[in-house]
Amino acid sequence: MDPGASSPEKLDKENLVGIKNKGLGVCGWILLFLSFLLMVITFPISIWMCLKIIKEYERAVVFRLGRIQADKAKGPGLILILPCIDVFVKVDLRTVTCNIPPQEILTRDSVTTQVDGVVYYRIYSAVSAVANVNDVHQATFLLAQTTLRNVLGTRTLSQILAGREEIAHSIQTLLDDATELWGIRVARVEIKDVRIPVQLQRSMAAEAEATREARAKVLAAEGEMNASKALKSASMVLAESPAALQLRYLQTLATVATEKNSTIVFPLPINMLEGIDGITYDNHKKVPNRA
């Protein structure tokens with residue numbers, strides 16, 4: 001750990017509103033003596049009013065004559081509250097869920113969206129949470145809304161949709177730095193939903209569909225090109241070995257026979273067909289001459 005870095009306790013002492021090094025003063029000590037005297041006179045009735053139970057997840061910030069009694073909060077367990085001069089405030093240290101309502105945001109590329117999220121935070125310094133801010137939960141809630149709008153306003157719609165984790169981490173860092181003096185530690189920030197207009201959704205869907213169709217056509221064209229290259233190579237191999245064509249024919253007949261098909265294909269050489277066409281053409285020419 002860096003020795004130059006200040007601990008949270010030192011930061012609390014430097015920035016707290018209520019902690020001062022001055023003592024109670026003469027009047028304060030007199031009132032303290034009278035409070036003890038009142039508690040002794042009314043004993044044992046007063047003991048039930050002066051003893052307070054602080055739960056495990058709570059801390060008590062005690063104000064004596066308007067000043068914070070100690071550098072850190074008391075508890076858990078039993079604490080003694082003097083009558084008339086002590087006032088205490090309970091602070092819950094459990095994690096709090098702050099639900100950010102949908103915020104209408106104008107992105108950097110001029111698109112109006114609605115984004116909502118959730119912030120998880122806890123109080124690590126009860127004295128700072130009581131002495132440095134009026135309502136720590138309300139202040140954190142409003143700061144989370146403002147930070148969400150400010151951060152998302154600097155991003156485009158595509159960045160918001162694709163980089164939710166990065167944006168959430170950025171918001172968490174900003175909130176943690178801003179609420180450090182309030183005794184708040186932000187545990188996690190999540191962006192729940194990004195709502196865009198229906199018309200924009202249709203445009204994006206049409207664009208995605210057009211992109212997929214273009215990609216499918218490119219893949220089909222590449223497949224036809226590869227198939228033509230393969231057929232060209234096969235034709236060259238068959239041209240080198242005429243017997244291979246006959247073997248291929250027999251293999252095709254075997255495949256047709258296994259499928260229980262009644263169709264039988266007989267291949268004929270192209271030269272034979274050309275010869276038949278030539279004979280037919282000559283016969284058609286000779287018939288008029290005989291007439």
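## The nonpolar core

Let's start in the middle of things: the largest nonpolar core has 37 residues, and the ones that touch the most other members are Val 61, Val 119 and Leu 152. Keep in mind as you look around that this is a predicted model.

Helix H5 gives the largest share, 6 residues. Both domain 1 (24-91) and domain 2 (95-200) take part, each with at least three residues in the core. In soluble globular proteins, nonpolar side chains tend to be buried together.

## A closer look at Val 61

Which residues does Val 61 contact, once neighbours within four places in sequence are left aside? The list is Ile 68, Ala 73, Val 87, Phe 88, Val 89, Val 91, Ala 126, Val 127 and Val 130. One of these, Val 89 in strand E5, stands opposite Val 61.

Strand E2 (residues 58-64) runs antiparallel to E5, and 7 bridges join the two.

## Charges over rings

The charged end of Arg 94 lies over the ring of Tyr 57, at 3.9 Å from the ring's centre. Arg 185 has its charged end over the ring of Tyr 124, 4.2 Å from the centre. As for aromatic pairs, the count is 0.

Terms used:
Residues numbered from 1 in each chain as written. Predicted model: local features only at pLDDT ≥ 70, side-chain atom pairs only at ≥ 80, totals over all residues. Heavy atoms only, no water. Pairing = 2+ DSSP bridges. Helix = DSSP H or I, 4+ residues; strand = E, 2+ residues; numbered from the N terminus. Phe/Tyr/Trp six-rings, centres within 6.5 Å; stacked < 30°, edge-to-face > 60°. Lys NZ or Arg CZ within 6 Å of the ring centre and 35° of its normal. Core = buried A, V, L, I, M, F, W, Y, C linked by side-chain atoms within 4.5 Å. Buried < 20%, exposed > 50% of the residue type's maximum accessible area, 1.4 Å probe, protein only. Domains from an automatic or database assignment. Contact = heavy atoms within 4.5 Å.
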